Amino acid sequence: MQGLADKVVIVAGGATGIGRGTAERLGAEGALVAIGDINLPGATATAERIAAAGGRAIAVEFDLSDEKSIVDLVQRTIDEFGAVHGLYNVGADLRPSNLGRDTTLLDTDMDVWQRTFEVNLFGYVRTIRTVLPHLLADGGGSIVNTSSGGSLGNDPMHVAYNASKAAINQLTRHVAVNWGAKGIRSNCVMPGYVIGELQIEQNDTALQEAFVTHGRTTRLGRPSDLASVVSFLLSDEAEWINGQTWYIGGGSHLRQ
Ligand SMILES: NC(=O)c1ccc[n+]([C@@H]2O[C@H](COP(=O)([O-])OP(=O)(O)OC[C@H]3O[C@@H](n4cnc5c(N)ncnc54)[C@H](O)[C@@H]3O)[C@@H](O)[C@H]2O)c1
């Protein structure tokens, strides 16, 4: 892939799953990767895998719900690599204690709404607000967010999660509309069902079967399916792609 070598990219949520897979792909493409996560051992393991494959990466503990930790993550990145050129927002609060209690409007407690928006949406607002001035000062850069196929509206459950993800789609467009002419690209991936560490642990075979049955695909998603698309969007090869929300999910949603 052209245009990723020596680019400094922050992966905000790279300890496991799609974030880890993408951080590894970016490292393999020659990017300098700062892996932020609330799970420091996981982020460190990702950085070690990148280093073992010949790449360069650092791991930094941060929390999407804590503004100061985000400022520290960005500063740490600049201190280590001298700049920041790209941001991949991928973290979300998927814990059973939060997402597991996120059902329908009538049954979902307000604390679930608050936590979900605090991390999933406001976390991305905070990371973008912190990184954007650096990108603008540098003449441009690329931001990729992660929402979900659930944001498209067919999931009867997870009301707070899906609302937070639909808001991320709009946040993505807002940034492209306002700063595209200043060299900022802002795009979003909406994953279908992707099997990472969390999904292996949950082992929801009914959901896995349903996804393949209702998809136009022979298999479930892998973190590498997202890693390739996100790396492309962060690279110079995607220079003319801005403000887009792409569903990456084996064709189970067909969009114009
Ligand atoms: N895997 C799927 O099937 C799927 C489907 C649709 C959307 N997504 C989205 O893709 C993204 C990655 O999901 P995944 O399946 O790889 O899950 P994951 O749990 O493996 O990855 C999420 C990462 O976010 C981190 N995180 C959680 N709370 C955080 C916080 N407060 N601050 C900083 N980091 C925090 C976790 O530690 C973890 O490393 C999420 O945004 C998720 O909503 C995943």
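Q: What should I know about numbering and confidence before reading the model?
A: Residues are numbered from 1 along each chain as its sequence is written. The model is predicted, with local features needing pLDDT of at least 70, side-chain atom pairs counting only at pLDDT 80 or more and totals for chains, interfaces and linings using all residues, while side-chain values use heavy atoms, leaving out hydrogens and water.

Q: Which residues come nearest to the ligand?
A: A residue is near a molecule if one of its heavy atoms lies within 4 Å of it; of the 29 residues around the ligand, Thr 16, Ile 18, Asp 37, Tyr 161 and Val 194 come nearest.

Q: Which polar side-chain atom lies 2.9 Å from an oxygen atom of the ligand?
A: A polar contact is a pair of N or O atoms within 3.5 Å, and here the side-chain atom belongs to Lys 165. A backbone N or O atom of Val 194 lies 2.8 Å from a ligand oxygen. Taken alone, the ligand exposes 820 Å², of which the protein buries 92%, areas being computed by the Shrake-Rupley method with a 1.4 Å probe.

Q: Why does the span of helix 3 agree with expectation?
A: Helices are DSSP runs (H or I, at least four residues), numbered from the N terminus, and the expected span is 1.5 Å times one less than the number of residues. The 15 residues of helix 3 (residues 67-81) should therefore span 21 Å, and its end C-alpha atoms are 21 Å apart.

Conventions: Polar contact = N/O pair within 3.5 Å; in protein donor to acceptor, adjacent residues only side chain to side chain. Helix = DSSP H or I, 4+ residues; strand = E, 2+ residues; numbered from the N terminus.
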